[in-house]
Amino acid sequence: GLYLTPLEAWQMKQQDPDGVLFIDVRTRAEVQYVGFTEYADANIPVMFQPGSYDWKPDSKDPLVGQFKKVRNEEFPKAVDRLVESRGLDKSAPVIVMCAAGKRSTAAASALHEAGYSRVYNLYEGFEGVTASDGYFKGQRVVNGWKNAALPWGYRLPSSKMYFNFEP
């Protein structure tokens with residue numbers, strides 16, 4: 001039941017910037033090419049896109065698909081490093097965000113299993129969810145961090161990138 005809209009996540013981070021951790025769990029390519037918010041404390045991917053870019057056809061329509069992703073088995077340990085670097089513990093509130101809410105759900109589950117007690121899922125994600133009809137059908141134009149006009153850009157602060165927290 002710990003779900004947040006982008007506005008709620010932004011407000012929570014504003015109220016306690018040092019006590020609330022905000023983790024962007026998208027791939028490195030996503031933060032580079034789609035954008036990043038400096039309100040996030042770190043980009044710690046819950047999934048990686050391997051260099052081979054293996055193709056995964058869609059189960060409903062084999063004419064389309066996506067590039068495969070593999071789970072980052074070190075994700076909880078990397079979050080542990082971030083938490084320790086901030087002088088916090090596993091009871092600190094942690095917000096996780098991906099593109100649209102699917103991977104952040106997996107990230108929240110992994111953190112709960114690792115002993116974190118207050119993990120919030122920003123369920124609309126950075127990009128939002130896809131429109132179900134109309135001119136923008138299939139495009140991520142519904143809700144989400146970017147569509148809520150919250151601060152974001154293409155600047156990637158090196159101090160917030162995964163290589164700093166990788167176990």
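**Salt bridges and overall form of a predicted model**

A search of the whole structure finds seven salt bridges, a salt bridge being a side-chain nitrogen of Lys or Arg within 4 Å of a carboxyl oxygen of Asp or Glu. The structure is a predicted model, in which local features need pLDDT of at least 70 and side-chain atom pairs count only at pLDDT 80 or more, while totals for chains, interfaces and linings use all residues. Residues are numbered from 1 along each chain as its sequence is written, and side-chain values use heavy atoms, with hydrogens and water left out.

One of the salt bridges joins D41 and K13, with an N to O distance of 2.7 Å. D41 lies in the loop between helix 2 (28-33) and strand 3, and K13 in helix 1 (residues 6-15), so the pair ties together parts that are 28 residues apart in sequence. Helices (H or I, at least four residues) and strands (E, at least two) are DSSP runs, numbered from the N terminus. Both D41 and K13 are buried; buried means under 20% relative accessible area, exposed over 50%, and partly exposed in between (1.4 Å probe, protein chains only).

A salt bridge also forms between E30 and R103, whose closest N and O atoms are 2.7 Å apart. This pair links distant parts of the chain, with E30 in helix 2 and R103 in helix 4, 73 residues apart. E30 is buried, at a relative accessible area of 14%, and R103 is buried, at 14%.

The side chains of E74 and K77 meet in a salt bridge with an N to O distance of 4.0 Å. E74 is partly exposed at 31% relative accessibility, and K77 is partly exposed at 48%. Salt bridges that share partners join K13, D41 and R86 into one network.

In helix 3 (residues 75-85), the buried residues are F75, P76, A78, V79, D80, L82 and V83. Their cover includes strand 2 (21-24), strand 3 (42-43) and helix 4 (102-113), judged by contact, meaning heavy atoms within 4.5 Å. Just after helix 3, G87 takes a positive phi of about 70°.

A positive phi, near 60°, also occurs at A149, a residue other than glycine. Most residues other than glycine have a negative phi. A149 is found in the segment after helix 5 (144-147) and is exposed, with a relative accessible area of 69%.

For the protein chain as a whole, the secondary structure comes to five helices and eleven strands. Of its 167 residues, 42% count as buried.
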